[in-house]
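Biologist: I would like to learn how to read a model of this kind. Could you take me through it, feature by feature?

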There are 2 protein chains.
Amino acid sequence: MSDREHRRQLSLNAFIYPAGHHEAAWRHPASAAERIYDASYYQEIARTAEAATLDAVFFADGPALQGDVAHNAVGRLEPITLLTAIAAATERIGLIATASTTYYEPYNLARLFGSLDHISGGRAGWNIVTTGNDAAAANFGLDAHPPHAERYARAREFVDAVIALWDSWEDDAVVLDREAGIYADASKIHEIGHAGEYVRVRGPFNQPRPPQGHPVLVQAGASNDGRAFAGRYAEAIFTAHQRLADAQAFYADIKARAASFGRRPEDVKILPGISPFIAGTETAARALEREFNELTVPAYGLLQLERITGASLNHLDLDAPVPPALFAGAGDVTDNGRSRLQVVAGIVERERPTVRGLLHRLAGARGHRVFAGTPEQVADTIEEWFRSNAADGFNVMPPYYPGGLTIFAEAVVPILRDRGLFRTEYTGHTLRDHFGLPRPTGRITASAVSA
Amino acid sequence: MSDREHRRQLSLNAFIYPAGHHEAAWRHPASAAERIYDASYYQEIARTAEAATLDAVFFADGPALQGDVAHNAVGRLEPITLLTAIAAATERIGLIATASTTYYEPYNLARLFGSLDHISGGRAGWNIVTTGNDAAAANFGLDAHPPHAERYARAREFVDAVIALWDSWEDDAVVLDREAGIYADASKIHEIGHAGEYVRVRGPFNQPRPPQGHPVLVQAGASNDGRAFAGRYAEAIFTAHQRLADAQAFYADIKARAASFGRRPEDVKILPGISPFIAGTETAARALEREFNELTVPAYGLLQLERITGASLNHLDLDAPVPPALFAGAGDVTDNGRSRLQVVAGIVERERPTVRGLLHRLAGARGHRVFAGTPEQVADTIEEWFRSNAADGFNVMPPYYPGGLTIFAEAVVPILRDRGLFRTEYTGHTLRDHFGLPRPTGRITASAVSA
């Protein structure tokens with residue numbers, strides 16, 4: 001092992017999902033589905049993650065009720081407020097929320113994340129999504145969601161405007177000279193004058209520059225537009241891969257794209273999802289996974305699969321093989337916005353499952369990789385992906401909460417520490433510190449437009 | 001004193017303003033201007049307010065940098081996130097944030113306040129504003145802010161849509177039947193199908209009904225449109241009055257308007273602002289007020305006054321009388337959206353101050369009532385307004401934080417308790433409990449459109 005490899009450290013996030021990532025988690029007695037609207041439940045989970053020195057907790061989000069609420073706990077609290085409540089109950093762990101560039105206004109969202117960064121002392125991250133579904137569109141006065149390319153064009157303008165707002169107060173703008181009566185040096189607070197096709201914002205921001213300069217920018221799109229966006233802006237990328245080779249190809253592609261924008265490849269962390277069923281033996285871990293799969297409601301799984309495939313599926317025989325024709329139009333993963341469809345098509349092509357078998361494969365983590373094994377085996381696969389340029393770390397997706405995170409924290413993390421792959425204590429205070437990312441310098445200087 | 005009067009209790013909120021409500025507070029050594037972007041500062045203030053069993057803490061807001069940042073700490077954290085951090089550090093006190101119907105989307109704002117209500121266990125309140133300034137408009141892609149009537153038309157649709165979203169899950173929609181695999185009774189979760197001129201939202205909401213049914217609806221407009229809006233929707237009203245007679249007229253008007261909408265007058269709390277300088281003697285209290293006034297920067301005050309009057313004022317001699325012509329066009333308070341201009345015109349007419357004197361009069365609380373006296377005198381004026389149908393309580397605006405609230409809590413609150421006007425302990429857990437407001441029943445029933 002070279003010194004450089006020795007220094008390279010895993011990044012590990014706890015991806016929090018109400019009752020757990022397995023779609024039947026809420027039915028299992030190990031979950032705490034009664035508490036999913038209770039802030040203290042999430043504060044306790046975050047403290048478990050912090051005790052294990054994880055980099056961050058992470059929340060997905062979408063501004064609509066999605067999926068079959070009759071058969072799963074699909075509602076959720078708004079994640080930025082929830083993370084603020086978590087910030088107040090923790091000291092070090094990073095706080096990453098998903099928010100949509102299509103359905104927010106940049107000034108409002110810049111304030112919410114800027115405030116989370118101030119309130120948490122520099123621990124905020126923003127997972128940037130463009131939200132591609134009609135249910136969200138209908139909650140915002142639109143008949144259908146805007147096309148993929150238009151959403152990404154708006155996303156680029158939106159992120160540029162948000163960054164400019166965060167940068168609009170120079171780091172030393174507040175002088176607080178009581179004697180002279182000067183609160184701020186107004187020459188260091190700037191209008192941004194962002195005038196794009198989709199987004200117009202004059203500025204300046206109404207709070208000082210966030211402690212991290214910018215909250216960490218996270219992204220998850222796998223289409224060509226999504227990858228280009230990630231190469232340009234993203235500092236961490238959440239991604240779904242079932243196989244090492246696919247993850248390696250994605251990893252190489254994103255690092256090259258980042259380099260093409262003049263960025264250092266190590267300033268973009270690639271973090272695939274992994275949903276681990278953990279037990280003392282591999283047999284027991286597989287039995288645990290089966291136990292959850294047997295709690296699934298087929299009607300729920302079919303509805304999820306209909307959303308991925310766009311096809312009507314309720315005529316299918318659950319115990320017959322999945323008809324390959326369902327995925328004939330999946331196309332190349334980078335050419336469209338349907339990367340999840342690609343992942344599912346790959347599973348069907350390789351494994352030829354029955355419909356019920358496919359529903360079970362997807363029940364664990366919606367297309368993310370499910371792994372059942374001992375703590376050693378989980379650590380082994382994490383190390384293998386980390387050492388073979390498939391991952392800089394992982395978005396850990398416990399199948400059930402809170403126990404599924406507790407066993408990862410108590411049984412897997414110590415092994416990763418023993419192997420020198422993961423920190424034994426926090427060495428910094430901000431999410432940028434944990435990820436090893438630089439604090440950006442402001443893009444506006446005193447020579448720019450003054451307010 | 002009748003039994004009924006004995007039972008009627010004051011409502012008292014702490015209106016939190018970064019360094020304090022006096023515009024020179026940040027310069028005074030008693031303020032903590034270094035900490036105004038530090039969540040723990042606000043958590044400590046809220047704990048002081050909670051120890052005094054106040055009803056709520058309250059934050060103003062606007063999505064723009066307003067006022068002269070060179071000479072005052074005019075930036076601020078976003079209040080909903082800040083209140084969530086306060087929720088995590090307190091148990092009982094209500095949490096009221098201002099947010100704009102002009103510059104938010106209803107689905108996003110319904111989620112933020114719904115989440116705050118869930119996270120705090122039913123302590124959220126929303127101060128509904130329409131935000132009338134061009135600086136905000138320019139941050140949201142508009143050349144000028146929409147006209148008054150249009151903003152109120154949107155506000156009515158916006159509030160209707162937000163309430164319908166909160167009500168879209170019936171209180172007993174979540175059944176959580178693990179055995180049967182039924183998470184929610186889908187027949188009790190409804191699309192809202194709100195299709196107005198300004199706001200279109202399909203719904204349903206993506207979280208259960210808030211603990212309070214609806215977060216408490218608060219409002220502050222004094223124009224005819226604003227009063228009509230308040231009469232229909234508001235459960236608490238913040239208002240600015242210098243004189244008892246004006247406050248009584250306002251009080252009677254709002255209670256009558258509420259009754260005209262079929263509401264009980266006691267379900268609308270009228271809460272004027274009061275900014276008290278408190279000291280052991282009246283002379284010392286007046287000296288303290290003078291001390292703050294002498295720290296004002298005239299350039300800052302003139303800019304504030306220009307915003308109120310719409311006139312350019314930097315040619316004025318600070319030591320000459322205010323030219324009455326400045327306020328010739330103020331008109332009747334209920335006929336326009338410029339109630340603050342009316343308040344200032346009244347001061348000028350009654351007191352004939354110099355320009356500097358007027359700036360000092362306004363420096364305390366931007367047109368709200370400033371009162372300097374002993375704890376007994378502060379309690380006396382509160383009791384007088386409360387007993388003479390001018391107020392159901394007060395929005396307390398300490399001239400400086402944290403000490404200005406501490407002295408109110410420690411010296412004035414005990415007097416109000418001794419007089420039987422204010423609670424000695426919380427009797428409920430929600431903001432509705434504190435204000436004595438009913439929990440609204442949901443407006444959508446099973447016979448309505450089902451999702």
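Biologist: What should I know before starting?

Modeller: This is a predicted model, in which local features need pLDDT of at least 70 and side-chain atom pairs count only at pLDDT 80 or more, while totals for chains, interfaces and linings use all residues. Residues are numbered from 1 along each chain as its sequence is written, chains are lettered from A and ligands numbered from 1 in the order in which they are written, and side-chain values use heavy atoms, with hydrogens and water left out.

Biologist: How do I read a helix, and what span should helix α2 of chain B have?

Modeller: Helices (H or I, at least four residues) and strands (E, at least two) are DSSP runs, numbered from the N terminus. The expected span of a helix is 1.5 Å times one less than its number of residues. Helix α2 of chain B, residues 39–51, has 13 residues and should span 18 Å; its end C-alpha atoms are 18 Å apart, which agrees. Just after α2(B), B:T53 has a positive phi of about 50 degrees.

Biologist: Which residues of α2(B) are buried, and what covers them?

Modeller: Buried means under 20% relative accessible area, exposed over 50%, and partly exposed in between (1.4 Å probe, protein chains only). The buried residues in α2(B) are B:A39, B:Y41, B:Y42, B:Q43, B:I45, B:A46, B:A49 and B:E50. Their cover includes α4 (106–120) of chain A, and from chain B it includes β1 (11–16), β2 (56–59), α3 (79–87) and α14 (403–418).

Biologist: How do I read a strand, and which residues lie on each side of β2 of chain A?

Modeller: In a regular strand the side chains alternate between the two faces of the sheet. In strand β2 of chain A (residues 56–59), A:A56 and A:F58 lie on one side and A:V57 and A:F59 on the other; all are buried, and both faces are covered. Two strands pair if DSSP finds at least two bridges between them. Strand β1 of chain A (residues 11–16) runs parallel to β2(A) and is joined to it by four bridges. A:F15 has A:F58 as its bridge partner.

Biologist: How many residues does the largest nonpolar core have?

Modeller: A nonpolar core is a set of buried Ala, Val, Leu, Ile, Met, Phe, Trp, Tyr and Cys residues joined through side-chain atoms within 4.5 Å. The largest has 248 residues, and A:L54, A:W126, B:L54 and B:W126 have the most contacts inside it. Apart from it lies another core of 19 residues, among them A:L302, A:I347, A:V348 and A:L358.

Biologist: Which residues does B:F158 contact?

Modeller: Contact means heavy atoms within 4.5 Å. B:F158 lies in helix α6 of chain B and is buried, at 0% relative accessibility. Leaving aside neighbours within four places in sequence, the contacts of B:F158 include B:Y104, B:L109, B:W126 and B:V199.

Biologist: How is a salt bridge read, and how many does the structure hold?

Modeller: A salt bridge is a side-chain nitrogen of Lys or Arg within 4 Å of a carboxyl oxygen of Asp or Glu. Over all chains the structure holds 52. In one of them, A:E376 and A:R419 have their closest N and O atoms 2.9 Å apart. A:E376 lies in helix α13 (residues 375–387) of chain A and A:R419 in the loop between α14 (403–418) and α15 (431–435), so the pair ties together parts 43 residues apart in sequence. A:E376 is partly exposed at 42% relative accessibility, and A:R419 is partly exposed at 23%.

Biologist: Are B:D167 and B:R209 buried or exposed?

Modeller: Both B:D167 and B:R209 are buried. Their side chains meet in a salt bridge of 2.8 Å, N to O.
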